[in-house]
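Subject: Handing over the structure

Hi there,

Here is the structure I promised to pass on to you. Have it open while you read, and follow along in the viewer.

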Amino acid sequence: MKNIHLNIDHISMEFPTPDGPYVALRDVDLKMAQGEFVSLIGHSGCGKSTVLNVVAGLYQATRGGVVLDNKEVDEPGPERAVVFQNHSLLPWLTAYENVELAVKQVFGRARSSKTKNKAEMKEWIEYNLHLVHMDHAMHKRPDEISGGMKQRVGIARALAMEPKVLLMDEPFGALDALTRAHMQESLMEIHADLGNTVIMITHDVDEAVLLSDRIVMMTNGPAATIGEILKIDLPRPRDRVELSDNANYNHYRHEVLQFLYERQRRPGEEVVAEEASDDEAAPSLKVVKTEAA
Ligand SMILES: Nc1ncnc2c1ncn2[C@@H]1O[C@H](COP(=O)(O)OP(=O)(O)O)[C@@H](O)[C@H]1O
Ligand SMILES: [Mg+2]
């Protein structure tokens, strides 16, 4: 890669535990171009959130490091916004105020190019809440809205910071299928508009193929690392309905499923083709627990 924007440079991560150090990651190495969309996929507990936390600057890698635009990452910064799995909103602030706090952090200071006045900030906060369909509830507090809505506010907050790098840890996991599809569409539009670099952790194979330029598949831990990288060569804008009978799309989907459920199968799990599937191009695979588990 000629112009490396984000360099996750051979990182290893050990956590101290009462039983001695636990090696969570070993030699995770990934170079990303500006504007690239990468999904991280792998079984639960393999170390996906750990990778994201190192890029966010919340964890310091035991070995190796992260470099963004030739500058080493050693603490959190507003140019790397994080959407956590559990929204992490401040409970005493409304949805609007939660977004406002982040917006003030980025646009409130007397910074040469990025300053916004009060009216512009209000407009910007409302615009981002609108993107995630939260217009009607923007003055409610977290305990007055559903889990899915809180997650949407967390996404609006991250987007409103106009980050160079957007880091998302299973951002749509708690959403119902329709809202999830809507959020995927919005994310694709935003990504096309803003061209920010995105790392998204997901468990959803269809989501990963739909959104990504590359899917990074991680091996199981301990000492998890990158097992394979799949380049998704599908033209954009992408349309989920059209893709559903695109042979390449189904091929990519199959590759990821095979990695997860055959090459990285966990003990006690077996993958079977679902009997009800009448679509030969895309046999659906299902994980079942085996007796030996
Ligand atoms: N702060 C920590 N201290 C000790 N072990 C941790 C810590 N954070 C994560 N781990 C361990 O590292 C492994 C990877 O965790 P994580 O990155 O959360 O996995 P994933 O996000 O893929 O589910 C797990 O075995 C987890 O128990
Ligand atoms: Mg995780």
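Below is what I found, starting with the whole chain and then going through it part by part.

First of all, please keep in mind that this is a predicted model.

**The whole chain**

The protein chain has 293 residues, and buried ones make up 48% of them. Its secondary structure comes to eight helices and twelve strands. If you take the contacts with a separation of 6 or more, 65% of them are between residues 24 or more positions apart.

Now zoom in on β1, which covers residues 6-15. It pairs with β2 in the antiparallel sense, over seven bridges.

Is N53 buried or exposed? Its relative accessibility is 15%, so it counts as buried, the cut-off for that being under 20%. Leaving aside neighbours within four places in sequence, N53 is in contact with L58, Y59 and F84.

**Around ligand 1**

The residues around ligand 1 are F15, Y22, A24, H43, S44, G45, C46, G47, K48, S49, T50 and Y59. So what do the polar atoms look like?

- A polar backbone atom of G45 is 2.6 Å from an oxygen atom of ligand 1.
- For G47, a polar backbone atom is 2.9 Å from an oxygen atom of the ligand.
- K48 has a polar side-chain atom that lies 2.8 Å from an oxygen atom of ligand 1.

**A loop residue, Q34**

Have a look at Q34 too, in the loop between β2 and β3 (37-41). Its relative accessible area is 57%, so Q34 is exposed. Q34 and N3 are 31 residues apart in sequence, but 8.0 Å apart in space, C-alpha to C-alpha. If you leave aside neighbours within four places in sequence, Q34 is in contact with H5, G195 and T197.

**The nonpolar cores**

How many residues does the largest nonpolar core have? It has 57, and those with the most contacts inside it are L129, L166 and I215. Take L129: beyond its neighbours within four places in sequence, it is in contact with A95, Y96, V99, M134, D135, M138, V153 and A156. There is also a second, separate core of 29 residues, which includes M32, V73, I199 and I201.

A few spots in the backbone are worth a click. The peptide bond from G221 to P222 is cis, with omega near -5°. You will find P222 in the loop between β9 (214-218) and β10 (226-231). Another cis peptide bond joins R236 and P237, with omega about -5°, and P237 is in the loop between β10 and α7 (240-243).

Finally, go to E170, in the loop between β7 (165-169) and α5 (177-194). Although E170 is not a glycine, it has a positive phi of about 45°. At 16% relative accessibility, E170 counts as buried.

That's the tour. Write back if you get lost anywhere.

Cheers

How values were computed:
Residues are numbered from 1 along each chain as its sequence is written. Chains are lettered from A and ligands numbered from 1 in the order in which they are written. This is a predicted model: local features need pLDDT of at least 70, side-chain atom pairs count only at pLDDT 80 or more; totals for chains, interfaces and linings use all residues. Side-chain values use heavy atoms; hydrogens and water are left out. A nonpolar core is a set of buried Ala, Val, Leu, Ile, Met, Phe, Trp, Tyr and Cys residues joined through side-chain atoms within 4.5 Å. Buried means under 20% relative accessible area, exposed over 50%, partly exposed in between (1.4 Å probe, protein chains only). Contact means heavy atoms within 4.5 Å. Two strands pair if DSSP finds at least two bridges between them. Helices (H or I, at least four residues) and strands (E, at least two) are DSSP runs, numbered from the N terminus. A residue is near a molecule or strand if one of its heavy atoms lies within 4 Å of it. A polar contact is a pair of N or O atoms within 3.5 Å; within protein, one must be able to donate a hydrogen and the other to accept it, and residues adjacent in sequence count only if both atoms are side-chain atoms.
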